[in-house]
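Below is a short note on the structure, point by point. It begins with a pair of helices and then turns to the annotated spans and the chains.

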Amino acid sequence: MRGRRFSRPLLFAGLLAALAAMPRHAARAQDSAPAGSARPVGDGQTLGSPHRGGTLRLTASSSGGTLDPQINYTSEYAQLFTVLYDGLLNFRKADDRTSDDVVPDLAEAVPQPEDGGRTWRFTLRQGVRFSTGQVVTVADVAASIRRLFRVGSPTAGSFYGAIVGADACLRDPAHCTLAGGLEVDPATRAVVFHLSQPDAEFPQKLAFPHASILPADMPDHDLGNVPAPTTGPYRFVSYDPDRGAVLERNPFFHVWSADAQPDGYVDYIHYDFGLPDEAAVTAVENGQYDWMFDMKPLDRLGELGARHTRQVHLRALYGIYYVPMNVNIPPFNNRLARQAVNRALDRRAMTILYGGAAVAGPLCTMVPPGIPGALDDCAYTTGADPDHPAPSWQGADLEGARRLVAASGTAGQKVTVVVQNTAVEMSMGVWLRNMLQAIGYDASVKPLSHAVQLGYIQNTSNHVQISLTDWFADYPSASNFLDDLFGCENFHPGTDNSINIAGYCNKDAQAAMDAAKQETDPARAAQLWAQAGRIIARDSPAAPVIRINYIDLVSSRMGNYFYTDLYHLIFSQVWVR
Amino acid sequence: MDGDMLLAVRDLTVALPVGGRLVPIVESVSFTLGTREILGIVGESGSGKSVTSLAIMGLIDVPGARITGSVRFRGRELVGLPPRAYRALRGREIAMIFQDPMTAFTPVYTVGRQIDEQIRAHQKISRADARARTVRLLGDMGVPDPERVAGRYPHQLSGGLRQRAMIAMALSCNPALLIADEPTTALDVTVQAQILDLLRVLRRDYGSSVLLITHDMGVVAETCDRTLVLYSGLVAERGPTGALFAQPAHPYTAALLDSIPPLHGLRPARLPSIPGSPPAPAERPAGCPFGPRCTHVHAACATRPPLVACGEQHVACVLPTEGHPLPPRRVPEMSA
Amino acid sequence: MALTVLRRLGQTLFVLVGISVLVFLVFFATPGADPTARIAGRNASPETMARVRVEYGFDRPLPVQYARMMEKLFVTRDLTSYVNRGQKVVPEILEAAPVTLSLVSGAAAIWVVLSVAMGVTAAALRGGWVDRGLMMLGLVGISIPVFWLGQVVNLVTQSRYHDSWLFSWVPGLGYVPLTEDPLGWFRALVLPWLTLAVLFVGIYSRVLRADLVAVQSEDFMRTARAKGLSPARVLLVHGLRTSMITFVSLFGLDFAQLVGGGALLTEVVFGLQGVGRLTYQALSNLDLPLIMATVMYSAVFVVIANAVVDMLYLILDPRVRDGR
Amino acid sequence: MTAQTVTAAPSSPSASRPPGPWRRAGRRLARDRASMAALAVLLAVTAACLLAPFYARDVAHTDPFTSNVAGSVTIDGRSVDIMQPNDNPLHLGLSPIGPTWHASADLLGADSQGRDLAARLLYGGRTSLLISFCAAALCIVLAAMVGIVAGYVGGVVDAVLSRIMDIMWAVPVYLFAISLSIVTVSQGLKLGPVTIASDNLLIPICIIALVYVPYAARPVRGRVMTLRRAEFVTAARALGVPDYRIVLRDILPNVTGTLVVLAPLMMALAMMAESALSFLSIGVQAPGASWGTIIEDGEGLIYTRPMVAIAPGLAIVVVVLALNVLGDGMRDALDVRDSGRERA
């Protein structure tokens, strides 16, 4: 039962992305509908479709925490919020790779960066209304961005800290004005951001759910269980964190951009909480629910694949498992020792432990394939080394690893692997222990509660040498894997929030990453990321383990399965009639 | 002669399983009890008094127990009587009073309810009628404020009141035979006398015969018409109380009588007591069971002596047949 | 009487304060328990961390934090979880309590009925093969780990034989509120009831049989038989009624413990979001507000249940009523 | 079942100490067929578990503590992968090999990490038996100390100890054990200079022993209180015999019966508690195995390879049942009335 039965608190948003390797299922119905025309409710682009109507029934084992879209950082609610709230920008709702792209949502267009990426100028669309009937104004936009700081959004510093005046806001949230950083003009509906340094990924950050636009009169505290007025095709009828949510059509919604926020097919969405994963699988199989949020239990996969083949959808995620090694304490303050681990890691075995080749694959570089700047070769496998990488991972090289350990002079040292005590991660941890034992260490494994482990391994005062953890991209960019996990600014010794778990800081790599973050030319940025990636791979502060797939299970009555890289199934785009 | 007797017990043997084999606790006990008669059964603890009475009541339910011989009640054989028939008899025709009135009542019900229960078990009458009779009975037993007492729980009553209530319960269906198993042992002396008086009155008012089981020769002398002395599950001596007290034929009876504290006059500094203790049923000697403790023991005692007539009594001792009966006792003031 | 109530209240308060202080201190002494980083979200900036620390009062001295938490738990009742931001813990417990209560009450009804039937039958037929068989059955029940039994039940009814006529009625795991769908409630709970009851049927039937056999040699049982009552009436009206006193005291203790969270293994295996599972979840998430709330609930409930048992005692045993 | 007839017979005065009560009890126990069968089962299981290394090395030829996800076994000359991909169009999921009924090749199948279930079962049994035995022993020692001190000293000491016992009694046993386990499982236990690592078996042993102390201490305390009022103790006290000698010479021998009867029952309880904690993954820590952890492993395979969960569960049922039967037999043989009752 370990964490698997209780959905763990998904604080670490899996805003997940997909390799669009799968064939499309059905033509997108909304393509034929006229977009952008302002018509009253019931006049959406799905009107007249035979598939319009009905109730979509969703289930999750538990609720996802606060309903405040500017605070909640779970993939469970990000998926829900994407059909409820809108930012200035959004990721395209498309059932293919283009869902990684940023498109204009409440803004009329994605602006070209000015001032070398320091100034971003938007124009707010006209005639968009909240579900209360109020028109969305630039004042709402300004208030929402300020509210990010006032309510202490988890990404306030990391995503929006570059806005001029953000420092003051972070220090004194109650009096946050963002003066000089954010200017609006009601007359021209202009919204202008000034950044203290160029940020090439600012559009992605504004497309993130935390930057959703809410009415200006929202209180300066966590909304908790009180829903905010929405702008998307649905709005809340009721919400109870112990029972579930009921959504209905937003009567003030009209389609202004079918790419960013298309009209919905179903009339109602019922999202129930409390059903454990095993039961949820059965319920979806039996058609009592149309979709389940939780991970599908491993021992049900065979049954799903055999008996419900057409209801199962497999998509790749921008999600990885990796093994951070603390570069500041023995034995992994020795580069050879770290390389040895990387070399000895049997990624095939890890794939099997995660559930087999259908749900995971070996991963050799920290940036998963498909993201610009990802390396497309493998330095740590049989017959390869950082100077002569192989095209792909071939197999574990235990012999080479043993030689490296011997050369490092760290053989025989005590090493403890810290893992979460969920079933899968425990088995991986035990496997890692055996591997470390095999290459010459005196290894043991230390399982910790899933609630504690991530904080524990980050804190340097716990002296964790090596651990196992997972990581998901907030948006598809190499920065999410390299800068977040190995950037010098993300190493905070002595705190539980030091996501640079390895404690790695390399001048050259950091310089390349800083340049890449400011580079507005995508091709050039990808080059810079690859350059940083190579330095990091050589230093091996972490061993990438596997990349993982998303397994979706839907009811047999659901049609038009519609998946985006970041928000997975789009509730507004599926049919139940 | 047994025909007109209320109760005729003949060769009653009760064997219980102990450590895997049957051991006779009571062996070949015979006696009779006439209408309106009070028979005392005397003996030390472990002599089989209670087992005898329980056997008559059909209350021996130890698995594997074996009861042989004959118990005739109003000419009807009780040994081997089917349980249902026995049940109809119990409480209605044969009733029993137990030694400790504290533990003999179920602690969680009121005294009245328990008496009502017995009445209603045997007669189809309403709850209210049963209670009325209960209250009347309690009054008859000399219970002050019987209505209130009927509504009280056993632990709320004094020992004397409890025993009166117990007797009231036993008499509630006008039984022909009342078996009183040490009814006064747990009570203090003044209450004891009252209860014995009550038993004597019962015979007159209710016409019941009484089988009084006691270890107290004094009680027997005061109350019983005839006496049966049991020793180690065997009859030692039986006969009219007066004759038995005047000239005990068995050395055991004599020893018991010697151990009674005199009711009047000076108490001796130390009562003579019988040395040793009675044998456990399983270790009963083949000969006279009292032999090992007897001052008169001799070779003839090695075979078990049969019950023989001796004066007005019957005795299981070789002395009378050998021509050496015990001398009469001089107890002038005793009259029964 | 008033004094007794006051004394009991005092004791309860003492226990509650003691337990809560203990929980509080142990929590803050546990490494990795500091909830700031978890509340702030992944990769939060130090400023966000500081803000959360102020917002949740983690910068205040521990006694102040303790007092604030108690105030939020008992006075304003708006204590929120450290793990699920914004989740109020008091409603969460109020939501879980009916689940546990349904589970435990149903199981209790089953185990009382079954164990009385088994215990009385065994005592009535004591020494025979029925007696021996029933008691061995009870012993087997005592020897089965409840979570394993639950798994096996699930395996049989949810998977292996779910499609057979025998178990096709079994709904998926989870709880159905009684008020919404009484039949569904019953169907969802009947297997958990039976599973939870097995252990207690074993314990209680054995205890009851032993008590009945012991009571059999009591004088009042002989009296009852001497009254000419039927064996059934003797056993039930006199024997069982008297044995019920011990039975009820055991029952009160077990019932209180189960409702207070002791049924967590059953709740976990059958996916019932009850108090026990909530407590376990809170513990494994190191979610102090929820731990505190569930522990307080459990303690309060055990105290209340003990008081109820004492009252039942008064009703059942007249001797206690008179203070003996 | 001689118990019934023994209790029905006139009760023997137990206050005096008859000669050789232990030998008599032993003989009575030896006559009880159920108890002897239970003892035989326990001995057989213990022996089998002690032979675990032999089985793993020489029969099954595996290391039950190393994951073997990429390995294969040979059955009837054919090589079979231990982790077998499921046969479905999506190739979803993998299942470990099921029971082969070949002792040399995953007799009972493998677990989710490809480890030989039969070998793990034997190793797990060693841990489970060790923990439950030690926990029961420790618990009884603690309970004896608490019970004797509370019962013999009485007064304030008794009041304080009893109050603490009451509080412990009020908390559901498993919740209590779980709370302690969760706190200790993450960072081990620091007792002054001594640090016990979180994967040390001493932690579950101590926790289980501790939570059951009230259950065992209560009957001991009751017995000691009666003994304290007994004539020979009063006499000894009047004669000025020091308390520790009274306790050692008069009290202790008299409560030994109670304690001995408690032993198998406590061991049964400890085994159940250990399996529950391990099932919640806060008992025995990986890579160690106990029957509870194997059930926990098996939970994830319950639909595809139920054997992994069923086999250790059956082992627990058999051993706990044997312990309970033995405890019953010992209670009857020693004629101890008021010993702790079975509960969970």
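**Notes on the model**

1. In this predicted model, H10(C) and H13(C) are roughly antiparallel to each other, because angles over 145 degrees count as such and the two helices pack at about 170 degrees. Helix H10 covers residues 231-262 of chain C and helix H13 covers residues 288-316 of chain C, with 8 Å between their axes. The crossing of H10(C) and H13(C) is right-handed.

2. On the H10(C) side, the residues making this contact include C:Arg241, C:Met244, C:Val248, C:Gly252, C:Ala256 and C:Gly260. On the H13(C) side, they include C:Tyr297, C:Phe301, C:Ala305, C:Asn306, C:Val309 and C:Leu316. By class, the residues of the contact of H10(C) with H13(C) comprise 15 nonpolar, five polar and one charged.

3. For chain C, an unreviewed UniProt entry gives the feature "transmembrane region" at residues 12-30, 103-125, 137-157, 185-204, 245-270 and 290-316.

4. Two of these spans can be described further. Residues 137-157 of chain C are 90% helix and 0% strand, and their end C-alpha atoms are 22 Å apart. Residues 185-204 of chain C are 100% helix and 0% strand, with the end C-alpha atoms 26 Å apart.

5. As for the chains, four pairs touch, and chains C and D have the most contacts among them. Chain A and chain B do not touch, and 48 Å separates their nearest C-alpha atoms. Chain B and chain D do not touch either, with their nearest C-alpha atoms 7 Å apart.

Methods
Residues are numbered from 1 along each chain as its sequence is written. Chains are lettered from A and ligands numbered from 1 in the order in which they are written. This is a predicted model: local features need pLDDT of at least 70, side-chain atom pairs count only at pLDDT 80 or more; totals for chains, interfaces and linings use all residues. Side-chain values use heavy atoms; hydrogens and water are left out. UniProt positions are given in the numbering used here, feature names are shortened, and annotations may be inferred rather than shown by experiment. Helices (H or I, at least four residues) and strands (E, at least two) are DSSP runs, numbered from the N terminus. Contact means heavy atoms within 4.5 Å. Axes are lines fitted to C-alpha atoms, for helices over the stretch in contact, and angles run from 0 to 180 degrees between N-to-C directions. Angles under 35 degrees count as roughly parallel, over 145 as roughly antiparallel, 65 to 115 as roughly perpendicular and the rest as oblique. A crossing is left-handed if the near helix is turned anticlockwise from the far one by less than a right angle, and right-handed if clockwise. Ala, Val, Leu, Ile, Met, Phe, Trp, Tyr, Cys and Pro count as nonpolar, Asp, Glu, Lys and Arg as charged, and the others, Gly among them, as polar.
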